[in-house]
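Welcome! Please take a look at the sequence and the 3D structure shown here, and then let us walk through them together.

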Amino acid sequence: MSETGNGSELPLFTYTLRLADNALVLGHRLSEWCGKAPILEEEMALANMGLDLIGQARALYTYAGEVEGEGRDEDALAYRRDAFAFRNLLLVEQPNGDFAFTMARQFLYAAFAHPFYRELVASRDATLAAIAAKAEKELAYHLRHAGEWLVRLGDGTEESHRRAQDALDELWMYTGEMFEVDQVERALIERGIAVDPARIGPEWDETVSHVLAEATLQRPRDGWMQTGGRNGRHSEYLGYILAEMQFLQRAYPDARW
Amino acid sequence: MPIATADREELQRRAWAAAAAVTDPEIPVLTIEDLGVLRAVRVEDGRVEAVITPTYSGCPAMNAIALEVELALRRAGFTDVAVTTVLQPAWSTDWLSEEGRRKLAAYGIAPPVGRAGGRRALFGETEVLCPRCGSSDTERIAEFGSTACKALYRCRACKEPFDYFKCH
């Protein structure tokens, strides 16, 4: 199959798909909070952030389909691929856990994705640059929101501090994958299309250190990092997301209403 | 004047006026022209194409706006109608017209403060004026409001809550 990452895919397709899958899977995770958030304002915030991410995913999937040129649209890419064909980071598919866990995951992603999309605005690929121009501004709000919550939780009660610290400790091993570069990306970076994540590293470090210090939280030590999502090797959790998200199109292919 | 005999400029003007009058379903005081969402209207051999651009990536109003533009053009007498979406140049709140800003404030929504991209992402606070009493003694209640483009504020002077159209 062409989706297994056997090297026959166009690099730009793979690259765009990775960005789209990150946005869709994290957006879907946030949508799982609907009706369950701790306070009304947070209900709105989580849904708003989820909506931003799913909107970014739609634009990216549409473009990926155009790049591929085989007639797949955003729905085909979102609903008609199995887990091995998804290229998202393992970080974004991790279950919501408690509120602190969701905010820590959001913070770690946004602290990377915000400067990442800001750099992508300068891409030589005009469509990626245009999508990035929107995403960058949306992610700035996500970063601020999640960052403020980490400070509130970390510098809050004993219990909120413990939960926020546990979340960071558990999620830390998924942060290394954000900075990986493979051959697919190396070629695109050299052509000025993709962002070299090494350029994001210092800012990510600074943002994380700054917020964690303010939150009185310990920055976990870099240890062994999980990897594989970007090449279709996922944790068990992605399958459950897809089972729910794709159910209708699997049960009733081509259903329209 | 029937469509068939109207000259091109007149058709162009009529098509623009019809499309430009479409309002945002979430903020009905703003037209898509005020918002800067309507980018172009082209009439070619009786075929009319309206070009719009999305505001926020996930703004659900975009589908409604595209449909409304199509209907408005049909009501104006055009039968061959297309609405296309462009992503660049990317929309920002800088595209809001002065008229649009005035309408927002009159409607009770504080217009965006400053230029897009000019704010600090982390812990930066903007001074937002209360659209009711004009006081700068306001505070943010929630970063995310009833729609993707708004945050919720409260005025400490007149005690009223209000929406703020976020700088984007």
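## Starting with one alanine

Leaving out residues up to four places away in sequence, Ala19(B) touches Leu38(B), Val41(B), Ala50(B), Val69(B), Ala72(B) and Leu73(B). Two residues are in contact here if their C-beta atoms, placed from the backbone, lie within 7 Å.

Before going on, a word about where this comes from. This is a predicted model, in which local features need pLDDT of at least 70 and side-chain atom pairs count only at pLDDT 80 or more, while totals for chains, interfaces and linings use all residues. Residues are numbered from 1 along each chain as its sequence is written, and chains are lettered from A and ligands numbered from 1 in the order in which they are written.

## The nonpolar core

Ala19(B) is also among the residues that touch the most other members of the largest nonpolar core, together with Leu60(A), Ala104(A) and Leu150(A). This core holds 124 residues. A nonpolar core is a set of buried Ala, Val, Leu, Ile, Met, Phe, Trp, Tyr and Cys residues joined through C-beta atoms within 7 Å. A residue is buried if 20 or more other C-beta atoms lie within 10 Å of its own, exposed if 12 or fewer, and partly exposed in between, with C-beta atoms placed from the backbone.

Which helix gives the largest share of this core? That is helix H6 (residues 126-154) of chain A, with 15 residues. Domain 1 (5-85) and domain 2 (93-165) of chain B both give residues to the core as well, so the core lies between them.

## Chain A, built from helices

Chain A has eleven helices and zero strands. Helices (H or I, at least four residues) and strands (E, at least two) are DSSP runs, numbered from the N terminus. The radius of gyration of chain A is 18 Å, close to the 18 Å that the globule rule gives for 257 residues, so chain A is as compact as a globular protein of that length. This radius is taken over C-alpha atoms, and the globule rule is 2.2 Å times the number of residues to the power 0.38. Of the 257 residues of chain A, 49% count as buried.

For one example, find Leu91(A) in helix H4 (residues 90-93) of chain A. Is Leu91(A) buried or exposed? Leu91(A) counts as buried, because 23 C-beta neighbours lie inside 10 Å. Setting aside neighbours within four places in sequence, its contacts include Arg105(A), Leu108(A) and Leu171(A).

## Where the chains meet

The contact between the chains takes 26 residues from chain A and 17 residues from chain B. On the side of chain A that touches chain B, helix H2 (40-68) and H6 of chain A are the elements that give two or more residues. H6(A) gives the most, with 15 residues.

## Domains of chain B

The domain assignment of chain B gives domain 1 (5-85) and domain 2 (93-165); such bounds come from an automatic or database assignment. The centres of the two domains, taken over C-alpha atoms, are 27 Å apart. Their contact takes eleven residues from domain 1 and twelve residues from domain 2.

## A sheet in chain B

Four strands of chain B form an open sheet in the order S4-S7-S6-S5, with mixed pairing. Two strands pair if DSSP finds at least two bridges between them. Strands of a sheet pair through backbone hydrogen bonds, either parallel or antiparallel. Strand S4 (109-110) and strand S5 (138-142) of chain B stand at the edges, each with a single partner strand, so one side of each has no neighbour in the sheet.

S5(B) and strand S6 (residues 150-155) of chain B run antiparallel and are joined by four bridges. Glu139(B) has Arg154(B) as its bridge partner in S6(B), and Arg154(B) also stands opposite Pro161(B) in S7(B). S6(B) and strand S7 (residues 161-165) of chain B pair in the antiparallel sense over five bridges.

## Loops worth a look

Lys159(B) lies in the loop between S6 and S7 of chain B. Its phi is near 70 degrees, a positive value in a residue other than glycine. Lys159(B) counts as exposed, because 10 C-beta neighbours lie inside 10 Å.

Elsewhere, the peptide bond from Gln88(B) to Pro89(B) is cis, with omega near -5 degrees. Pro89(B) lies in the loop between strand S3 (80-85) and helix H4 (98-107) of chain B.
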